[in-house]
Amino acid sequence: MSKRLDLPDIQGNIIRAYGRFGFPKGRFFFLRIDDGDRGRAFVGTITKRVTTSVSWGPPPKGVIPKPEAPINIAFTYNGLKALGLPTASLAGFPQEFIMGMKKRKAILGDDGPSDPEHWDKVWAEDVHVAVSINAQTPENGQPLEYVEEAYQWVKSRIDGSDGGVVLLTGHRGDDGQEDLPFQDASILYDENDQPCAKEHFGYTDGIGDPVFEGQITDEHRVAGRGKLTREGGWAPLATGEFLLGHPDEAHEYPPAPAPILLSRNGTFMVYRKLHQNPASFERLLDAHAESFPGGRELLAAKLAGRWRDNGAPVVNTPDTASKAAWDQRFAAADERTRDGMLADFRFDLMGDKCPIGAHIRRINPRGSLEFGQEGAYDTPGALDDRRRILRRGLPYGVVRDRGRDDGNHGVIFMALNTSIERQFEFVQQQWINYANDSKEGSDKDVLLGNHDAACPSKMVIHADPKSGQPPYFVDEIPRLVETRGGDYFFIPSMTALRMIAKGKVDPT
Amino acid sequence: MANISGNAYALTALSPIKNGCIGEISYADEVQDRLHGLGVCEDSPLAKVPQTYLARFFILDDVFYESTPGCDPFCNLLDILSIFKDRFRLLTLPREDHLKSRYLVFSSNFHGDLETYLRGMWSAINADIKRIWEHCVAFDGVRDAEGFITYIKRCRLTANLFFMGSTDDSLEEQLKALYLKQQFVKFAVSHQGLGAAELQEAFRVFIERVQPNRLAAPTWRPGQSIP
């Protein structure tokens, strides 16, 4: 990892998944620019507090102390237009970004209950700007104290814009609200009230978040998170998969608008509010708990590819005996070894350990699409390496009654990539809702697929062909996750933010 | 042999469309408009043509212009010579080719031999054929199936590329196989976990219902888009 990135130029949420760095709380809100001049002045003010990727801690290693509440900012196409970007620059943006998420619903499978007509009301507004606050919790005081402080600071700047910038309302809340001015999010807490990395179905989220060249210095995190090499090792993914202006896995610069100063060190963000249906999920597990050999928890592990209790990859723990042995080793291991046990693995060819339709295998096949054709491509993961996304989201809401699907609970899904079409949209369409690549017929991803009651899909849990046992079919899968809102955003570099603020974007 | 792969036949026929107009609409545009009016899937006339794996119509308006290649040592030499005479530079420019007429292209992959297929096509959809080919050069001489066969043979090209999503079995065999596969998946899913005797009995009932050896029915209909 010899590549050095210009960290003070890169917004902090690109390099760091804040949730993993001790920032359990998040608040996301959206703005409309009604006046170009005042909007640009607002961007200039906010830019001074935008958190970059510089390292935290005491000097000489750290540049600044760890912030209480990092702030980051991103723009839709219409937002950049409202801020007065020249047409020649605007025309250089990819078409999916120009269209926005709603118009891509056929590709994303946002139909039925996920159709934009059912989204939170804020998405019916003309969304221009996304502001995100992630925050630590104070040792003494209210958990949302730092969130609130940062929010009030931004809000005072909005109020001071003299109508140039408008805070959009219309987020659904925990108590039936329909018109909140922000979306709160938080990591979940376990039964002992300890913070954990789980989502509402009980799985540990974000373990396989990719690493790319220049992003981190701790080499041990590359195994299982980078790309597979022909020699069987792991290397960080090319920077250009996640940062514009850098070579990508095809040894090309990803397409980006001119001038280079506008796009370099920026990236695109997919923001999606994904509602989870915990009652439907529990019912699905219940319906198969008795008939599935191995029981309810093994079934849950086979659906996702990881066990719910500690995230153990099911490919290395395909039955209760191997899981017990793994748990013992895990309990005795140090932090670094544990991380390796969770992240560093490959999938089995036949899928009798980790099913080919398991969620983590579908969304990141880890070279298994070679389907036994050793050497089919330049590298085993050649087909996957261009479909990776950085995950930067947090869960939201609380499940008060696991017997009900309604309520306000799910995941604020944020995916970062240099090509929304090639990376996020491809995974969403081809690997989540279609199954041509995984050769699973018309099956959809169990957890995220847009399952349709009129044409219910299934999942095959493969058995070891040598065992003489039949495969197990999970059928009548209901829609477990529904889209409740979202859009496509551009996260500019700090340089680009300053240029936008000054109205000095010149593509000539 | 070209056009044939096992029992599959790849037909590509280019029928020249008459130059000229009906009122202010050219014949070719009129044909285009008629093609756009055809139904799709179950409603396509091609779904009625026996043994069709995949077929399509389109209008070939003209050939594409191939511009100057980026780097060619020979051309570069002529480029350099152009300092003496401009005709050297002009020599390097590719010629612009055009078709003398626009063409109706009919491309079909099917099972069996060409004459049987075209005879079946004529008998199934001759009204559509007459309407689609009406403005093609010399089609007014086509009166019957034999005339259609002769006509298409004159328009036929050599084709070597076949529709990948199909074997070379008869359409009935393939549609029945598709139907059986789908039904069997449903059977397997809805009967998992049964004891051997119970499963065998259910399978017997299943086989009786789906009748694997009877191609005619039950089966998947040609062109069917929804289960």
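This is a predicted model: local features need pLDDT of at least 70, side-chain atom pairs count only at pLDDT 80 or more; totals for chains, interfaces and linings use all residues.
Local features require pLDDT of at least 70 and side-chain atom pairs pLDDT 80 or more, whereas totals for chains, interfaces and linings use all residues. Residues are numbered from 1 along each chain as its sequence is written.

Among the buried residues of α2(A) are A:Gly39, A:Phe42, A:Val43 and A:Ile46 (buried: under 20% relative accessible area, 1.4 Å probe, protein chains only). The packing partners of the buried residues include β1 (25–33), α7 (145–159) and α15 (494–502) of chain A (contact: heavy atoms within 4.5 Å).

No disulfides are found over all chains, a disulfide being a pair of cysteine sulfur atoms within 2.5 Å. For B:Cys155, the nearest cysteine sulfur belongs to B:Cys136, 7.4 Å away. B:Cys155 is buried, at 8% relative accessibility, as is A:Cys196, at 17%.

The second largest pocket has a volume of about 1500 Å³ (the space filled by probe spheres set on grid points joined across faces, edges and corners). A pocket is an open set of points on a 1 Å grid over the protein atoms alone where a 1.4 Å probe fits, with protein on both sides within 12 Å along at least five of seven lines; lining residues have an atom within 4 Å of a point. Of its 41 lining residues, those closest to the centre include A:Asp443, A:Lys458 and B:Gln182. Helix α6(B) supplies the largest share, eleven residues.

Conventions
Chains are lettered from A and ligands numbered from 1 in the order in which they are written. Side-chain values use heavy atoms; hydrogens and water are left out. Buried means under 20% relative accessible area, exposed over 50%, partly exposed in between (1.4 Å probe, protein chains only). Helices (H or I, at least four residues) and strands (E, at least two) are DSSP runs, numbered from the N terminus.
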